[in-house]
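This report looks at how two parts of one chain meet. The sequence and structure come first, followed by the contact between the parts.

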Amino acid sequence: MKIIRDVHKLQQVCLDLRSQGLKIALVPTMGCFHEGHLSLMRWARQNCDQLIVSLFVNPTQFAPHEDLAAYPRDLERDKDLAQKEGVDILFTPGTEDLYLPGHSTWVEVPDLARNLCGASRPTHFRGVATIVCKLFNLTLPHVAVFGQKDWQQLTIIKRMVRDLNLPIDVVGRPIVREPDGLAMSSRNTYLSLTERKQACFIYKGLLMAQTMVKDTHEQAETIKRALKEFYQKNIPAGRIDYIELVHPEQLTPVSLIDQPTLLAVAIFLGKARLIDNILLRGKG
Ligand code: AMP
């Protein structure tokens, strides 16, 4: 496995790989790998010739009051895990390598970035779209792999690729969960024991909603009300950021669940803000 920090070297290596006709996959990450990250790498490893993983805690997607400084980092462990997954190139740039003084170009997909996580993190997706676009330009991948855990992010990247005619296949992969259902996240390390015990109810609530939809409660408001009560009862240490039912691609609110609908939630729990989602298929 090559570890490359230099932006120009990476771009040159990737240009060479492309000219050899190799199929390149990129898995963008912020490191502190868990099984969720590794599942993306495994898929990419099996479906492409060259696997590039970027490891960069991108400051522009954090608001000043958020957890940029505290975000967990463990480069040595990440190197070992990446090596074991057969990663060809681990790209580990510094902030100063990617954001030169006077950086002032941004990629925005405002229609998809307003609601859900965008409502409480108004500059987050601008930072995400910009860094992912930069990573695409540096690595020139044929395929880029993202987790469905960050559904809004995945949707925004797909739209960006479509709107900017980028020749990249964006692949979304399923959420990897702990045995009790909690979606794996680097931020789960922030949770105290009590908070961790309550956190598993986030997914249990989503499953409850899925059952309700099957049992003919099809109004979004009914689901939201029931889920709010469920969370208040079972996650007393938490504070709900949002519970939303939206069209899976447009991310616009849905009132009647008679077609595939994304149920997405975000909950503040201790120092963490945890997100999760489930695709409700409705009856249509
Ligand atoms: P992050 O390092 O949190 O920026 O995540 C890097 C990539 O891993 C993103 O595409 C995430 O959606 C994906 N990811 C994070 N957690 C999970 C998970 N539990 N299951 C599947 N993919 C995940």
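Predicted model: local features only at pLDDT ≥ 70, side-chain atom pairs only at ≥ 80, totals over all residues.

Three residues, Leu116, Lys149 and Trp151, supply 36% of the area that domain 1 buries against domain 2, more than any other three residues.

The size of an interface is often given as the accessible area lost when the parts come together.

## The two domains

The domain assignment of the chain places domain 1 at 2–173 and domain 2 at 186–280. Their C-alpha centres lie 26 Å apart. In terms of residues, 22 from domain 1 are in contact with 18 from domain 2.

## Polar contacts and the salt bridge

Between domain 1 and domain 2, eleven residue pairs are in polar contact, with both residues at pLDDT 80 or more. The rule also finds one salt bridge across this interface. Arg187 and Asp67 meet through their side chains in a salt bridge, with 2.8 Å from N to O.

## The side of domain 1

Which helices each supply at least two residues of the side of domain 1 that touches domain 2? They are helix H6 (117–120) and helix H8 (151–163). H8 gives the most to this side, with four residues.

Sorted by class, the side of domain 1 that touches domain 2 has nine nonpolar residues, eight polar residues and five charged residues.

Key
Residues numbered from 1 in each chain as written. Heavy atoms only, no water. Domains from an automatic or database assignment. Contact = heavy atoms within 4.5 Å. Buried area = accessible area lost by both parts, 1.4 Å probe. Salt bridge = Lys/Arg side-chain N within 4 Å of Asp/Glu carboxyl O. Polar contact = N/O pair within 3.5 Å; in protein donor to acceptor, adjacent residues only side chain to side chain. Nonpolar A, V, L, I, M, F, W, Y, C, P; charged D, E, K, R; others polar.
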